[in-house]
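Here is a structure to read through in questions and answers. Keep the sequence and the coordinates open as you go.

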Amino acid sequence: FDRGLLSGKQVFITAGPTREALDPVRYISNHSSGKMGYALAEAAVDAGALVTLISGPVNLPAPPRCKRIMIQSAEDMLEASLQNIDQCDIFIASAAVADYRPVSVAEHKMKKGNEEIMELHLIKNPDIVASVAAQQNKPYTIGFAAETRDVISYAQGKLERKNLDLIIANDVSRSDIGFNSDDNAVTVVSHEGATQLPLSSKRQLAHKLIEIIAAAEQKKDH
Ligand code: C5P
């Protein structure tokens, strides 16, 4: 592994889940552990990059030698991501952002009513990686696609729709990999084609992905 691979490059990484508040004590979220994003942050630091890790609530310590910004909601994550985006060379979106948030956040704890059914009104969250990719001076932008079927074709759809340079697809229907697991097997999908990487630890995979990303970004630059 080349420790100068990303020397002088600014890398922003989103990681973990977001929490969308319903009231002062409740929220909507998901089971993302943040492990893949944190492993990528460590690998990027190892490759000499200046790393900003924009993280939702997770049970992981901040990787050494990186700047970590802790956020709660998708809107917070968007704000943190766009701050200093003009200085960012490579943006990696590994966060599991909640697709929707409650239309309004109750000021006080919501009370149980007599109704058996309760309706929640949700509104779509901003797409963080698509907003980054829509910037004038866009960084090399990488997304993740967690799919349960037709993995490659859905990933390709997201690559195009969100104007990404690369997307890392994984099959979350398999219980041995993905979300909370320590291992992962992914397919790297670019505009040129797809490359499957073998099952390995998230740590090993992160180093491999950083090599692939560094090479692809270089190629794009020159
Ligand atoms: O949720 P979806 O499958 O569309 O996620 C694909 C990619 O888009 C992931 O990299 C994820 O981090 C990113 N994303 C985002 N903001 C959202 C939804 C997804 O940055 N609101």
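Q: Against which strands do the buried residues of H4 pack?
A: This is a predicted model. In it, H4 covers residues 151-161, with Val-151, Ala-155 and Leu-159 buried. These buried residues pack against E9, E10 (166-171) and E12 (186-190).

Q: Within what arc do the buried residues of H4 fall, seen down its axis?
A: The buried residues of H4 are Val-151, Ala-155 and Leu-159. They line one face of the helix, because seen down the axis of H4 they fall within an arc of 65°. In general, an α-helix has 3.6 residues a turn, so residues three or four places apart point the same way. The arc asked for is 65°.

Q: Which residue just after H4 takes a positive phi?
A: H4 spans residues 151-161. Just after H4, a phi of about 60° is taken by Asn-163.

Q: Which element gives the most to the shell around the ligand?
A: Helix H3 (128-133) and strand E9 (140-147) each supply at least two residues of that shell. The top contribution is 3 residues, and it comes from E9. The buried residues of H4 also pack against E9. The element asked for is E9.

Q: How many residues of the shell around the ligand are nonpolar?
A: In total, 13 residues surround the ligand. Among the closest are Ala-93, Val-97 and Ile-128. The shell has 2 charged and 3 polar residues, and its nonpolar residues number 8.

Q: What is the radius of gyration of the protein?
A: The protein holds 5 helices and 14 strands. For 222 residues the globule rule gives 17 Å, and the protein comes close to that, so it is as compact as a globular protein of that length. Its C-alpha trace spans about 65 × 35 × 35 Å along the principal axes. The radius of gyration is 18 Å.

Q: What share of contacts between residues at least 6 apart in sequence join residues at least 24 apart?
A: Of the 222 residues in the protein, 40% are buried. For the contacts in question, the share is 63%.

Q: What is the mean pLDDT of the protein?
A: The model scores ipTM 0.98 and pTM 0.96. A pLDDT of 70 or more is reached by 98% of the residues, and the mean is 95.

Conventions. Residues are numbered from 1 along each chain as its sequence is written. This is a predicted model: local features need pLDDT of at least 70, side-chain atom pairs count only at pLDDT 80 or more; totals for chains, interfaces and linings use all residues. A residue is near a molecule or strand if its C-beta atom, placed from the backbone, lies within 6 Å of it. Helices (H or I, at least four residues) and strands (E, at least two) are DSSP runs, numbered from the N terminus. Ala, Val, Leu, Ile, Met, Phe, Trp, Tyr, Cys and Pro count as nonpolar, Asp, Glu, Lys and Arg as charged, and the others, Gly among them, as polar. pLDDT is the predictor's confidence in each residue, from 0 to 100. The radius of gyration is taken over C-alpha atoms; the globule rule is 2.2 Å times the number of residues to the power 0.38. A residue is buried if 20 or more other C-beta atoms lie within 10 Å of its own, exposed if 12 or fewer, and partly exposed in between; C-beta atoms are placed from the backbone. Two residues are in contact if their C-beta atoms, placed from the backbone, lie within 7 Å. The arc is that of the directions from the helix axis to the C-beta atoms.
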